[in-house]
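Dear colleague,

Please find below the structure that I am handing over to you.

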Amino acid sequence: MRFPRAALLPSLIASLLTIAACSKSAPTAPAAVASGDKDISGAGSTFFYPIASKWADTYKKETGTGLNYQSIGSGGGIKQIKSKTVTFGASDKPLSVEELNEAGLIQFPAIIGGVIPVVNLEGVTPGQLVLDGKTLAAIFVGNIKKWDDAAIKALNPDVKLPSADIAIVHRSDGSGTTFLFTDYLSKVDDNWKAKVGANSAVEWPAGIGAKGNEGVAGVVKQTAASIGYVEYAYAKQNAMSHVRMSNKAGKIVEPGIASFQAAAANADWAAAPGMNLVLTNAEGDASWPITGAVFVFFHKQPEKPENLASAIKFFDWAYAKGSAEAIALDYVPMPEAVTTLVRQLWKDSLKDSAGQPLYR
Amino acid sequence: MNQVASVATPAPANSITASALRRHTLWDAVLKHGTRSAAITVLLLLGGVIATLVQGSWLSLSTFGPGFLTTEKWNPVSEEFGALAPIYGTLLTSLIAMLIGIPISIGIAIFLTELCPPRLKRAISTAIELLAGIPSIIYGIWGLFVLAPFLQAHVQPLMIEAFAGVPLLGGLFAGPPYGIGIFTAGIILSIMVLPYITSVTRDVFETVPPTLKESAYALGCTTWEVVRKIVLPFTSTGVIGGIMLGLGRALGETMAVTFVIGNAHKIAGSILAPGTTISASIANEFTEAETALYTSSLISLGLLLFLITFTVLAIARLMLLRLQRQAGK
């Protein structure tokens, strides 16, 4: 049993530093006068927080407009935008068209991320193990109990698998990561769909719950023969032993920016009403199957159009100039085709009190 | 003392004028009403908290009825919620914490008051008070990264092996050794309640009149006999009060428990299995509870915890009151 401090601590410290740095720079924002724009307020997804604060930092330097983003969780973000206390909300889970219309909202994807199954198996190197959706579902539902089960062996004829009990690790807190993971399992496995379903928190049939991505990463690292799921950035930064997945097309794919972007590009956003599209189990040979986007919500007819106008400017800027920073933080920027669609959506549906479009 | 005396002397009684008297009366009135409203604020706050909890949990309590207390199911997808698993986890972790914490705390208190050399006494007392000052998140991180792997590798396999096949106990210690679970949470809690129980019991042990103890020693009692027959009977209510304070702390502890309990809404027979507590469930799930019923069920859990800790603390107050009356005799 090796102690994972060495790998975890630097990332913990790094994230603490980022938070400290951001909280220092974000609230001191009287310089907004320079551009005449109001500071932007947003709330929601914790997954969106690191890139939102990075963008906010750069955007403030370039334009003088600050962004105050509270990472209170996706559910909280939806509540806040519905009660109009923030200019935009952000969630890992899209709203249905009915919900959007009821609240007078539009939604659009801002950034893409992926969820990676990670394992701790002696003698198995990162990326060596291959799983498909059905097997993953059977493991997490508790039907496959041992690592040398025939189903896992069939996918990994060359890997020496131990005859150990599988220790399952899942998120204990409600999270968009869990939503994407369970949504994928529900799409590929009817038994999972019937027994567990898809949500940001579910009734787990088996396993230990750990708090946050860092909690799951920590427990997986120190529990022998365990499997869990974390966001891509955590798997990468902690050098965890990730699993390659067999996708919908039956091709084995490696998680990474290319395969996440493939999933986003292959999705037919134009045909999805209200851009309500979860990218899991996407078509395409190169698509990573557990991919998802962060959705941002705007009010169609905001009470303060000038606030929304500056929020639109921010996201317009993020689409145009934020890609390098996103990639540096292991996020995936939206493909060009999708941002064109989003900009068209802004033009068509966001109006000020005089009925004039807020984005041109 | 000296300072008070020197302030009082230069103002002789005959120098008080009518205006000074009025001023004094006014200030007294201000003090009286000011402090009274400060005290009333506490009652209003408490009342407000209870009212909000009841209002917030109304939806869930009216939907599930008394079944909320007896259902193990906690399914956010189908929106069926029951509090049995968190209640079970809360009570069981606290029980383990008390089973480990009480003997050690009382042992420390006896050593400090009866046997310890004065110099060491100060060092140990300070160390125990520092233990109380460590933030619970630190206990959580320590539990997850240090204690849990240690238990998993060295303690739990031995426990599982030792009790395997023994009826009843075998089930209690069954397991794969995850390192994380109800047992680990109980151990962390026992460390966290140590300073509370120790400092209260130490203080009440010191209220034992020296003459009593000296008489016993003069009759030829050993230290053990003095502790067993004089100190403990004299202070029993106070000791129980201290234990109740510790129990109150253990019941409500959130962060440290969340890290090491495994957060599974399940009642497993084994204490090595993952479970959950009321406060851990709330902390984990509140931010992402999207539907009204889900939120309301979490608030109902809060109300339950409030009732449980309130009962425990009320019992503690009663015990301490009885002690004070006894000491005043």
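This is a predicted model: local features need pLDDT of at least 70, side-chain atom pairs count only at pLDDT 80 or more; totals for chains, interfaces and linings use all residues.

The interface of chain B and chain A

In this model, 37 residues of chain A are in contact with 30 residues of chain B. About 2600 Å² of area is buried between the two chains, and carbon and sulfur atoms give 54% of it. The rule finds one salt bridge across this interface: it joins the side chains of B:Lys73 and A:Glu203, with an N to O distance of 3.2 Å. The rule also finds 11 residue pairs in polar contact across the interface.

On the side of chain B that touches chain A, several elements each supply at least two residues, among them strand 1 (74-75), helix 11 (255-260) and helix 13 (292-328). The largest share, seven residues, comes from helix 6 of chain B. Sorted by class, this side of chain B has 17 nonpolar, eight polar and five charged residues.

A residue of chain A

A:Thr291 lies in strand 12 of chain A, which covers residues 291-299. Is A:Thr291 buried or exposed? A:Thr291 counts as buried because its relative accessibility is 0%, and the cut-off for buried is under 20%. The side chain of A:Thr291 reaches the backbone oxygen of A:Trp288 at 2.8 Å. Beyond its neighbours within four places in sequence, A:Thr291 is in contact with residues including A:Ile112, A:Leu180, A:Phe260 and A:Thr280.

With kind regards

Key. Residues are numbered from 1 along each chain as its sequence is written. Chains are lettered from A and ligands numbered from 1 in the order in which they are written. Side-chain values use heavy atoms; hydrogens and water are left out. Helices (H or I, at least four residues) and strands (E, at least two) are DSSP runs, numbered from the N terminus. Buried means under 20% relative accessible area, exposed over 50%, partly exposed in between (1.4 Å probe, protein chains only). A polar contact is a pair of N or O atoms within 3.5 Å; within protein, one must be able to donate a hydrogen and the other to accept it, and residues adjacent in sequence count only if both atoms are side-chain atoms. Contact means heavy atoms within 4.5 Å. Buried area is the accessible area (1.4 Å probe) that two parts lose on being put together, summed over both. A salt bridge is a side-chain nitrogen of Lys or Arg within 4 Å of a carboxyl oxygen of Asp or Glu. Ala, Val, Leu, Ile, Met, Phe, Trp, Tyr, Cys and Pro count as nonpolar, Asp, Glu, Lys and Arg as charged, and the others, Gly among them, as polar.
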